[in-house]
Amino acid sequence: MSNVANVPDIILEPMVRNAIMEDLGAAGDVTTRSVLPEGTRYKAQMRARQDAVVSGMQVASLAFRLIDPNLVVETVVADGTACKAGDTLMRIEGSAASILAAERVALNFAGRLSGTATLTASYVQELAGTKTRITCTRKTTPGLKLVEKLAILHGGGHNHRFSLSDAILIKDNHIAAAGGIKQVLEAVQRNVGHMVVVEIEIDGLHQLDEVLQTEGADVIMFDNMSTEDMAEAVKRIDGRAKTEASGNVTLGRLREIASANVDYISSGALTHSAGTVDFGLDF
């Protein structure tokens, strides 16, 4: 179970509100308004239809409460907790029309984010017993970055930088545009404050010596390098910088990559290729 605390609702509210407005359209829920007598009340339960690691309960709860602050919403299974098929995750009581209006948005968030948390948990489990930690990337769904990165934490993983402003990450295109590794690292040393972490990407051992000689990198990323070369690079670095493996990361390769003794493995698949967990709302 993850011990990650929820973020304040006010941070999530614009994202959830936009999703609700998109779903309500110009006239709201015309189906419910047409078939249900006004004032109909009901009790509903969100249930899991498959095993999963849960994420998105805070977001789902907020969706119901934004539609109708008078709904009574009880989260039964907290974000970061494993559930089994058939488990009740949330109970909602109040206006049936309000529950139905929020249903799909709440389920979409919960199912998608739980898919990310569940996939992350499988990566974390595969790395159990090693020093290597799994992290996400910025390959997230536009507009959903915050909650997808929270889902990574709920699955037991770790977050990479959140945005371009969080840290310096020098990639191959930066190196090419600036004229070389020495040039970019010297520029960083001149221009960046001491509180900013600096990471540089290399794609072979031929670049490593120049990085180490120039200094200035707190983290060195190995991009699509062989396991043998990564292990050699870790030895040469000898603790002078944190190490990260990236590229061609699959569940089946995790133990092999970790055998190179890298500190981190980053994988975009945790967000861009995660499935959706099947949750349902039962009246």
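**A first residue and its surroundings**

Me: Which residues does Ala82 touch, not counting residues up to four places away in sequence?

Reply: A contact means heavy atoms within 4.5 Å. By that rule, Ala82 touches Ala52 and Val53, once residues up to four places away in sequence are set aside. The C-alpha atoms of Ala82 and Asp51 are separated by 7.5 Å, although the two residues are 31 residues apart along the chain. This is a predicted model, in which local features need pLDDT of at least 70 and side-chain atom pairs count only at pLDDT 80 or more, while totals for chains, interfaces and linings use all residues. Residues are numbered from 1 along each chain as its sequence is written, and side-chain values use heavy atoms, with hydrogens and water left out.

Me: Is Ala82 buried or exposed, and in which strand is its place?

Reply: Buried means under 20% relative accessible area, exposed over 50%, and partly exposed in between (1.4 Å probe, protein chains only). Ala82 has 58% relative accessibility, so it counts as exposed. Its place is strand β4 (residues 82–83). Helices (H or I, at least four residues) and strands (E, at least two) are DSSP runs, numbered from the N terminus.

**The chain as a whole**

Me: How many helices and strands does the chain have?

Reply: There are eleven helices and twelve strands. The C-alpha atoms fill a box of roughly 75 × 40 × 25 Å along the principal axes. Of the 283 residues in the chain, 47% are buried. Among contacts with a separation of 6 or more, 70% are between residues 24 or more positions apart.

**Cores and pairing**

Me: Which residues have the most contacts inside the largest nonpolar core?

Reply: In soluble globular proteins, nonpolar side chains tend to be buried together. A nonpolar core is a set of buried Ala, Val, Leu, Ile, Met, Phe, Trp, Tyr and Cys residues joined through side-chain atoms within 4.5 Å. The largest one here has 38 residues, and those with the most contacts inside it are Met46, Phe64, Leu89, Phe109 and Phe279. Elements that each supply at least two residues include α1 (9–24), β1 (41–48), α3 (57–67), β5 (88–95) and α4 (96–126). With eight residues, α4 gives the most to this core. Apart from it lies another core of 37 residues, among them Ile152, Leu185, Ala233 and Ala245.

Me: What is Leu89 in contact with, leaving aside its neighbours within four places in sequence?

Reply: Its partners include Met46, Val54, Met57, Val76, Cys83 and Phe279.

Me: Which way do β1 and β5 run, and how many bridges join them?

Reply: Two strands pair if DSSP finds at least two bridges between them. Seven bridges join β1 and β5, which run antiparallel, and Met46 stands opposite Met90 in β5. Strand β3 (residues 72–75) also pairs with β5 in the antiparallel sense, over four bridges. There, Val73 has Ile92 as its bridge partner in β5.

Me: Why is α3 largely enclosed by the rest of the structure?

Reply: Eight of its eleven residues are buried, so α3 is largely enclosed by the rest of the structure. The buried residues include Met57, Ala60, Leu62 and Phe64.

**Around strand β10**

Me: Where is Thr243 found, and what is it in contact with?

Reply: Thr243 is found in strand β10 (residues 242–246). Its relative accessibility is 3%, so it counts as buried. Beyond four places in sequence, its contacts include Ile220, Phe222, Val234 and Tyr264. Between the C-alpha atoms of Thr243 and Gly80, 163 residues apart in sequence, the distance is 27 Å.

Me: Is Arg253 buried or exposed?

Reply: Arg253 is buried, with a relative accessible area of 16%. It sits in the loop between β10 and α10 (254–258). Not counting residues up to four places away in sequence, Arg253 touches Thr227, Gly247 and Asn248.
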